[in-house]
Amino acid sequence: MTHVAFATLPVLDLDRAIAFWRDVMGAQVSADMAFDPPGGAASRFVLMAFPGARTQIHLNPVDTLPVTDRPALPLIVGDVEAEERRLQALGVEILTPPTPAPWDPETLHALIRDSEGATIMLASR
């Protein structure tokens, strides 16, 4: 195996989520197509890609978000503090400002809320 192709992120409103990940987070739509699995409900298959990253984000439409106290998706960013300031200026809800991670004091991390209510972790490594 060489890498993870995509990580699935449940979303309530697919178009709103696409706009958030594209316009706020800087990802690009790499796939947006009809998806009609045998025996399943017709939907859309949407992948978002960050420039230079191999793993993509699969935005998966759901009726309800899973209840969890853990981040739905960890993202590595070059400068956690600068990214937190940029996102805050765009109106993104900051749940936890940049702090050393409890599992590794050398890792800076912050938690934000995406357009669908999921917790997203920004980490320095």
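View 1. Phe-35 counts as partly exposed, at 41% relative accessibility (buried means under 20% relative accessible area, exposed over 50%, and partly exposed in between, using a 1.4 Å probe and protein chains only). Keep in mind that this is a predicted model, where local features need pLDDT of at least 70, side-chain atom pairs count only at pLDDT 80 or more, and totals for chains, interfaces and linings use all residues. Residues are numbered from 1 along each chain as its sequence is written, and side-chain values use heavy atoms, with hydrogens and water left out.

**View 2. The Phe-6 and Phe-45 pair.** The structure holds four aromatic pairs (rings of Phe, Tyr and Trp, the last by its six-membered ring, pair if their centres lie within 6.5 Å; planes under 30 degrees apart are stacked, over 60 edge-to-face, the rest tilted). One of them joins Phe-6 and Phe-45 edge-to-face, at 5.9 Å centre to centre with 75 degrees between the planes. Phe-6 sits in strand S1 (residues 6-11) and Phe-45 in strand S3 (residues 43-49), so this pair ties together parts 39 residues apart in sequence (strands are DSSP runs of E, at least two residues, numbered from the N terminus). Phe-6 is partly exposed at 34%, while Phe-45 is buried at 18%.

**View 3. Phe-35 meets Phe-45.** Here the ring centres of Phe-35 and Phe-45 are 6.3 Å apart and the planes lie at 45 degrees, so the pair is tilted. Phe-35 belongs to strand S2 (residues 28-35) and Phe-45 to strand S3, ten residues apart.

Conventions
Helix = DSSP H or I, 4+ residues; strand = E, 2+ residues; numbered from the N terminus.
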